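Work through the exercises below with the sequence and the model open beside you.

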Amino acid sequence: MVSALPSVPLSVGAHRVIKGVRVEHLCGDPSLSPEQDGELMLRIARTALDAIQTEVTDPTLFEPAQHTEKELTHAS
Amino acid sequence: MFALTIFRTDPMASELKVLHYINQFFGGIGGEDANDLPVETREGALGPGRLLDQKLGDRGSVVATVIGGDNYFVEEEDESVGKVREALERFKPDLVVAGPAFDAGRYGMACALVCGAAGEMGIPAVTGMVDDNAGVLANGRDTYVVPTGDNPADMAGIIDRMMRLGLKLASGDELNHADADDYLPHGLRHGIVREKPGAERAVDMALAMALGQPITPEIKVRQYDFVPAPAPIQNLAETTVALLTTAGIVPKGNPDGQGDGAGPRKWVSYNIDGVNALTLGEWESVHSGFKGYMYNSVNPNYALPLPALRALEALGVIKRIHSEFFSIVGGGCPVTAAQNMGRDIAKRLVNDGVQAVILEST
């Protein structure tokens with residue numbers, strides 16, 4: 001599950017918790033450009049798909065990467 | 001001794017008239033084959049009511065028994081409750097006892113409706129069932145429910161406990177808190193005076209914890225079920241993924257009357273075949289916490305990353321997005337309601353051949 005307040009689901013035993021952005025805009029960020037916003041949403045969705053392919057026994061937090069591969073390429 | 005505190009006058013003059021509600025099974029009429037039995041009223045006690053009558057002794061007696069089929073009562077709610085009202089008017093009981101219903105959902109709901117009808121007429125009422133029976137939530141704070149297990153072999157003890165609570169209610173004495181008087185908490189708080197102020201008690205508790213001594217928390221923390229983690233997905237490219245949001249996203253205009261979080265909870269689902277992204281003109285959040293927020297003014301997909309998942313679907317990362325997405329209103333949702341909705345949705349997903357779900361929880 002994607003949650004803006006991951007400590008809550010983790011504390012009650014949700015297994016695979018993905019850190020969302022904020023309660024008011026869980027899967028995106030209106031302060032970003034539309035392109036960056038779309039990339040952020042994609043990172044969250046990819047992290048969710050990574051999580052469901054990962055073996056877990058205890059409540060586990062999955063944090064979307066801070067930068068896209070594209071951004072990293074620009075930075076290097 | 002208990003009776004003495006209630007009946008201060010001649011016991012015969014104040015003998016309590018009790019009306020009892022039971023379902024077709026406990027009425028000895030039949031099991032599921034008779035669940036469509038219309039509501040009927042008989043004089044005197046029947047089934048577990050005989051036990052109740054016996055336990056009441058000279059404090060009172062079961063003057064009438066209302067019996068209803070489990071399906072009938074809930075499906076024909078108006079008519080059934082009407083029949084209950086007729087019985088209440090005819091017998092004018094001082095107390096209504098319903099069930100116990102144990103973990104039977106329809107029976108529990110019927111018991112709650114019977115208690116609700118009694119309450120409207122100013123007649124004290126008590127029932128008994130497991131704490132997550134849907135009937136517990138039906139009337140909110142107006143129904144007194146003795147917590148039970150799911151084993152009908154405990155009938156005698158439960159009848160005794162329902163009777164004690166019922167006698168106290170009927171006596172007009174003020175009830176103590178839920179644990180002391182043996183009913184499920186209503187969420188009402190009563191002020192009491194303790195020997196030490198809260199700060200001292202908190203320090204005492206912290207010291208006791210540090211020393212490894214047992215403590216008694218003053219606030220009950222609900223124990224949640226432990227559910228083992230589902231196995232990881234092995235082949236994502238062959239996986240159908242469903243989306244479920246708690247942000248209350250619905251088609252604009254809210255055609256199914258999804259609640260805003262203040263009333264009863266329900267889940268709704270909407271077809272998104274061929275939809276690449278939710279648009280502001282067509283979708284909205286009815287979650288009362290979010291009205292005017294980003295979901296309704298900037299981007300409803302913040303509640304449901306549909307565009308991103310469509311892109312991944314097009315790339316073949318997943319097989320497909322399930323035809324429907326699911327939507328509930330999460331804020332302040334009671335755990336039991338969430339469990340019930342979760343069970344329903346999970347059944348539907350399994351039935352539809354969905355292997356994975358991404359739940360967006362706001």
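**Exercise 1. Find which residue of S13(B) is the bridge partner of Val2(A), and describe the pairing to which this bridge belongs.**

Solution. In this predicted model, the partner of Val2(A) within S13(B) is Glu360(B). Helices (H or I, at least four residues) and strands (E, at least two) are DSSP runs, numbered from the N terminus. Residues are numbered from 1 along each chain as its sequence is written, while chains are lettered from A and ligands numbered from 1 in the order in which they are written. Because the model is predicted, local features need pLDDT of at least 70 and side-chain atom pairs count only at pLDDT 80 or more, whereas totals for chains, interfaces and linings use all residues.

Within chain B, S13(B) also runs parallel to strand S7 (residues 240–245), to which five bridges join it; there Leu359(B) is the bridge partner of Leu244(B). Five of the six residues of S13(B) are buried, so the strand is largely enclosed by the rest of the structure; buried refers to 20 or more other C-beta atoms within 10 Å of a residue's own, exposed to 12 or fewer, and partly exposed to the range in between, with C-beta atoms placed from the backbone.

**Exercise 2. State how many residues of chain B are in contact with chain A, and characterise that side of chain B by element and by class.**

Solution. There are 28 residues of chain B in contact with 28 residues of chain A, a contact being two residues whose C-beta atoms, placed from the backbone, lie within 7 Å. Helix H11 (306–314) and strand S13 (356–361) of chain B are the elements that give two or more residues to the side that touches chain A. By class, that side has 23 nonpolar, four polar and one charged residues, with Ala, Val, Leu, Ile, Met, Phe, Trp, Tyr, Cys and Pro counted as nonpolar, Asp, Glu, Lys and Arg as charged, and the others, Gly among them, as polar. For the complex, the predictor gives an ipTM of 0.88 and a pTM of 0.55.

**Exercise 3. Work out the strand order of the open sheet of six strands in chain B, and say what packs on the sheet.**

Solution. The order is S2-S3-S1-S4-S5-S6, and the pairing is mixed. Strand S2 (40–43) and strand S6 (144–147) of chain B each have a single partner strand and stand at the edges, so one side of each is left without a neighbour in the sheet. From one strand to the next the twist averages 25°. Strand S1 (residues 16–23) of chain B pairs with S4(B) in the parallel sense over four bridges, and His20(B) has Val97(B) as its bridge partner in S4(B). H4(B) packs on the sheet, where it touches S1, S2 and strand S3 (60–68) of chain B, and its direction makes about 160° with that of S3(B); axes are lines fitted to C-alpha atoms, for helices over the stretch in contact, and angles run from 0 to 180 degrees between N-to-C directions.

**Exercise 4. Locate Lys92(B) and Pro100(B), and describe the backbone at each.**

Solution. Lys92(B) is in the loop between helix H4 (77–91) and S4 of chain B, and its phi is positive, about 45°, although Lys92(B) is not a glycine. With 12 C-beta neighbours inside 10 Å, Lys92(B) counts as exposed. Pro100(B) lies in strand S4 (residues 95–102) of chain B, and the peptide bond from Gly99(B) to Pro100(B) is cis, with omega near 15°.

Conventions:
Pairing = 2+ DSSP bridges.
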